[in-house]
Amino acid sequence: MDKKKVLVVVLMLSLALSACNFPLAFDDPEKIENAVAETVAAYEVEEEVVVPTLALLPTSTPMPLLTAEPAATEDSETTEEPEPTKVLCNSAQFIYETVPDNTKYAPGTAFDKGWTLRNVGYCTWSAEYKLAFESGDKMNGPDAKAIGVEVKPNGEVEIVLSLTAPSTVGTYRGYWVLQTADGADIGPMWVQIVVE
């Protein structure tokens with residue numbers, strides 16, 4: 001309730017009581033004015049005390065902080081600086097291949113399968129790096145084939161194997177792996193064909 005309304009109510013009450021000849025505790029109009037003023041002052045003090053008390057009441061959940069960034073949710077992780085991506089000495093990225101998976105061949109058909117790879121490591125690949133057979137269907141491919149050229153970081157090379165489709169109808173897959181000159185694996189590749 002605002003102060004003016006309280007004062008009006010108190011004055012109207014005082015007038016009503018005095019009009020009815022109700023005995024008042026104060027005979028003097030000055031005392032009545034002082035009593036009204038003290039009542040209004042007490043209301044103002046009460047108002048000042050109540051507001052801060054309400055603001056300081058404990059709550060079960062803390063008040064959110066206002067930030068310029070969106071607040072984290074239970075599903076999100078804390079925001080941290082991402083760790084820099086570690087660049088390996090020997091690392092390859094697949095760029096392109098000939099003979100996509102499930103290409104169809106007649107039994108015994110010769111074909112060339114090629115992979116274009118990018119050197120995304122920081123070491124230069126020597127000409128002795130190779131593609132070595134790992135597992136699956138060899139399709140008359142070699143045990144290993146050297147890449148035959150030097151490939152600097154961010155350079156590309158195409159490695160092609162001459163293969164032959166098996167003589168029996170079916171789906172065939174063979175795995176090869178790019179290796180360093182001393183035989184450390186860099187990354188796998190495969191060829192998958194359908195013989196009809």
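Start your tour by selecting tryptophan 176: this residue is buried, with a relative accessible area of 0%. Here, buried means under 20% relative accessible area, exposed means over 50%, and partly exposed is in between, using a 1.4 Å probe and protein chains only.

Before you click on, some housekeeping. You're looking at a predicted model, where local features need pLDDT of at least 70, side-chain atom pairs count only at pLDDT 80 or more, and totals for chains, interfaces and linings use all residues. Residues are numbered from 1 along each chain as its sequence is written, and side-chain values use heavy atoms, with hydrogens and water left out.

**Stop 1: the rings**

Phenylalanine 133 sits in strand S4 and tryptophan 176 in strand S7, 43 residues apart, so the pair links distant parts of the chain. Strands like these are DSSP runs (E, at least two residues), numbered from the N terminus.

Next, select tyrosine 175 and tryptophan 190. Their aromatic pair is tilted, at 6.3 Å centre to centre with 55° between the planes. Tyrosine 175 belongs to strand S7 and tryptophan 190 to strand S8, 15 residues apart. Tyrosine 175 is partly exposed at 28%, and tryptophan 190 is partly exposed at 33%.

**Stop 2: the sheet**

Switch to a cartoon view. Five strands make an open sheet with mixed pairing, in the order S2-S8-S7-S4-S5. Two strands pair if DSSP finds at least two bridges between them. Strand S2 (103–105) and strand S5 (144–146) are the edge strands, each pairing on one side only. On average, neighbouring strands in this sheet are turned by 30° against each other, direction ignored; for such angles, axes are lines fitted to C-alpha atoms, and values run from 0 to 180 degrees between N-to-C directions.

Now walk across the sheet:

- Select S2 and S8: three bridges join them, and they run parallel. Lysine 104 has valine 194 in S8 as its bridge partner.
- Select S7 and S8: ten bridges join this antiparallel pair.
- Select S4 (residues 130–136) and S7 (residues 170–179): they pair in the antiparallel sense over six bridges. Here you meet phenylalanine 133 again, with tryptophan 176 in S7 as its bridge partner.

Then follow the chain from S7 into S8. The two form a hairpin with five residues between them, and glycine 183 in the turn has a positive phi of about 95°.

**Stop 3: the salt bridges**

How many salt bridges does a search of the whole structure find? It finds six; each is a side-chain nitrogen of Lys or Arg within 4 Å of a carboxyl oxygen of Asp or Glu. Select arginine 173 and aspartate 101, whose side chains meet at 3.9 Å, N to O. Arginine 173 lies in strand S7 and aspartate 101 in the loop between strand S1 (92–97) and S2, so the pair ties together parts that are 72 residues apart in sequence. Arginine 173 is partly exposed at 26%, and so is aspartate 101 at 32%.

Another salt bridge joins aspartate 143 and lysine 138 at 2.2 Å, N to O. Aspartate 143 is exposed at 56%, whereas lysine 138 is partly exposed at 28%.

**Stop 4: the core**

Finally, select Phe111, Trp125, Leu131, Leu178, Val191 and Ile193. Of the 24 residues in the largest nonpolar core, these touch the most other members. A nonpolar core is a set of buried Ala, Val, Leu, Ile, Met, Phe, Trp, Tyr and Cys residues joined through side-chain atoms within 4.5 Å. Which strand supplies the largest share of this core? That's S8, with five residues. Strand S8 (residues 185–195) is itself mostly covered, with eight of its eleven residues buried.

End on phenylalanine 111: among the residues it touches are Val99, Tyr105, Met139, Val191 and Ile193. Contact here means heavy atoms within 4.5 Å.

Methods:
Helices (H or I, at least four residues) and strands (E, at least two) are DSSP runs, numbered from the N terminus. Rings of Phe, Tyr and Trp (its six-membered ring) pair if their centres lie within 6.5 Å; planes under 30 degrees apart count as stacked, over 60 as edge-to-face and the rest as tilted. Lists of a residue's contacts leave out its neighbours within four places in sequence.
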